[in-house]
Amino acid sequence: FPSHDTQVQMGSVASSSVTVIGNIEIQPELVCPGDLLITMASGNISLQGPVSSLENTTGSLTLSNAGTLTLYQPVELSGAFKQVGSGGFTFSGSTAQLISAEGISINSPPYGAFDLMLDGNNGSVFLNNGFGIPTALSSLYVTCNGNTLYLGGTGNTTGLMNIHEPAQIILTSNTSLTSTGSSIYISNFAINGSTVGGQSLTLQADGIILGLTGFGVALGEVIVIADTFHPWGIQTSGASITVTAATTLLQGVSAVFNTTSDLATSGGNISFSGKVDSDPSFDADQGCIILAGSNGVVTFSDDIGSITPLDSLEIDSASYVNIKNILVDGTLSIIPRAYLSDSSTTFTSSAGTIALGQVDGSSLGGDQSLTLSSSGTVIIGPVGQSYPLYDFSILSGTSATIQSITTSREIDIGIPIILASSTTLSTLGNGALGTTISLPSINGLTIGGEDLSIETGIADVFFTVSIVTGK
């Protein structure tokens with residue numbers, strides 16, 4: 001079809017099909033009056049002009065290519081666009097635009113150094129086998145007006161990857177998306193698997209914004225690698241969540257990271273390598289809820305809330321937790337055993353309470369100290385019973401409900417104490433000779449029900465008020 005023709009109309013208003021053996025090149029504009037199917041049994045397809053629907057029709061185009069399909073100019077259809085062949089799919093030029101009122105389906109990964117814009121309008125968009133393979137796209141923009149993006153495989157761009165306003169993304173297979181020079185924006189909608197725990201998601205970019213992930217159909221493993229990461233929450237069914245990035249929580253309420261969905265009670269590991277903070281652009285701080293099940297390990301390799309405090313932090317289940325400094329405005333609750341990673345750790349709730357399970361130093365050795373500050377009550381389980389702390393202190397709060405505490409140096413509690421059970425306070429941990437213990441008023445939970453033993457070796461014990469016993 002030579003270029004001296006301004007248009008070529010193929011098929012009729014009804015369904016039509018054309019089968020070609022060898023190459024086909026259409027230089028003028030291709031107009032689809034109805035549902036047009038072009039099948040290349042062998043050879044390549046080259047559409048050098050624009051592609052459109054006949055006026056006042058819902059013309060659709062389906063291309064089944066065994067060889068390479070190359071588009072040169074924009075495609076804008078009032079029907080659907082489908083590429084169903086196994087051959088390659090690429091564009092000539094720096095910009096490629098596919099607009100279809102009834103959806104877009106692309107079987108082969110589109111590739112090449114161009115900006116690709118896909119607009120499915122009132123239909124869904126299918127990218128089941130990825131994009132940017134073997135040559136990365138320059139950028140990708142996908143929108144489908146509140147419908148569904150079906151996504152799978154590997155996707156690569158050298159620039160921005162922006163998925164805008166589908167109702168949801170459904171992962172059809174294990175999915176890995178990489179922007180080597182820019183960001184990935186997948187926000188304001190849900191990302192789900194197609195089967196529970198059946199699809200993994202890996203994201204790698206300079207910056208990543210990620211909407212609610214796995215809360216409709218839980219994913220398999222989720223890996224995020226970025227300089228900055230803004231998540232709304234992630235849920236898997238027994239698979240790990242690994243974040244290597246400085247994380248800023250976007251959710252207006254608490255962002256949930258959960259590996260126990262769909263009765264996967266053993267859970268999976270959850271780790272954050274980088275600081276975790278609230279987004280300062282929101283009026284209210286954001287909270288964080290962690291559920292890692294009975295076997296999952298939770299690891300925070302950097303501070304929490306040190307730049308912008310979280311509203312709250314709740315770690316409800318895990319085999320154990322590796323933790324650093326924490327600053328929240330409201331509730332701080334860590335139910336599983338917590339191991340301190342730094343030599344000096346501070347947990348602060350500026351306007352709430354602190355509730356901790358068992359707390360220990362590091363199994364790797366070294367000296368770990370813990371300081372607690374709260375505007376409300378402090379409740380803490382046994383401290384230093386497996387790996388004694390160096391120092392332990394509670395600076396502020398209305399009261400501290402404690403159990404046994406072992407350090408190799410000082411114990412300093414500056415607020416009224418309630419013994420939750422018979423308690424031993426010892427500064428003889430790790431073979432120490434004993435150091436000072438400073439205590440205020442002490443009460444039991446029941447009259448005469450809790451014993452108190454104090455072990456300081458050669459050092460002193462200071463009581464700031466008198467002690468009354470029931471025995």
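1. The structure, which is a predicted model, holds eight aromatic pairs. One of them is formed by F126 and Y150, whose rings are stacked, with 4.5 Å from centre to centre and 5 degrees between the planes. F126 belongs to strand β17 (residues 125-127) and Y150 to strand β19 (residues 148-157), so this pair ties together parts that are 24 residues apart in sequence.

2. Are the two residues of that pair buried, partly exposed or exposed? F126 has a relative accessibility of 29% and therefore counts as partly exposed, and Y150, at 23% relative accessibility, also counts as partly exposed; the cut-off to keep in mind is that buried means under 20%.

3. Aromatic rings also come together in a cluster, in which ring pairs link F81, F89, F91 and F114.

4. Turning to the strands, an open sheet is formed by three of them in the order β45-β48-β51, and their pairing is parallel. Its edge strands are β45 (405-406) and β51 (452-455), each of which pairs on one side only. Between β45 and strand β48 (residues 423-426), which run parallel, there are two bridges, and T406 has S426 in β48 as its bridge partner.

5. Which residues form a nonpolar patch on the surface? The patch is made up of L452, V461 and F463, which together have about 210 Å² of accessible area. Of these residues, F463 is found in strand β52 (residues 461-463), and because its relative accessibility is 38%, F463 counts as partly exposed.

Methods: Residues numbered from 1 in each chain as written. Predicted model: local features only at pLDDT ≥ 70, side-chain atom pairs only at ≥ 80, totals over all residues. Heavy atoms only, no water. Patch = residues over 30% accessible without salt bridge, like charges linked within 9 Å, V, L, I, M, F, W, Y side chains within 5 Å. Areas by Shrake-Rupley, 256 points an atom, 1.4 Å probe, with all protein chains shown as cover. Salt bridge = Lys/Arg side-chain N within 4 Å of Asp/Glu carboxyl O. Helix = DSSP H or I, 4+ residues; strand = E, 2+ residues; numbered from the N terminus. Buried < 20%, exposed > 50% of the residue type's maximum accessible area, 1.4 Å probe, protein only. Phe/Tyr/Trp six-rings, centres within 6.5 Å; stacked < 30°, edge-to-face > 60°. Pairing = 2+ DSSP bridges.
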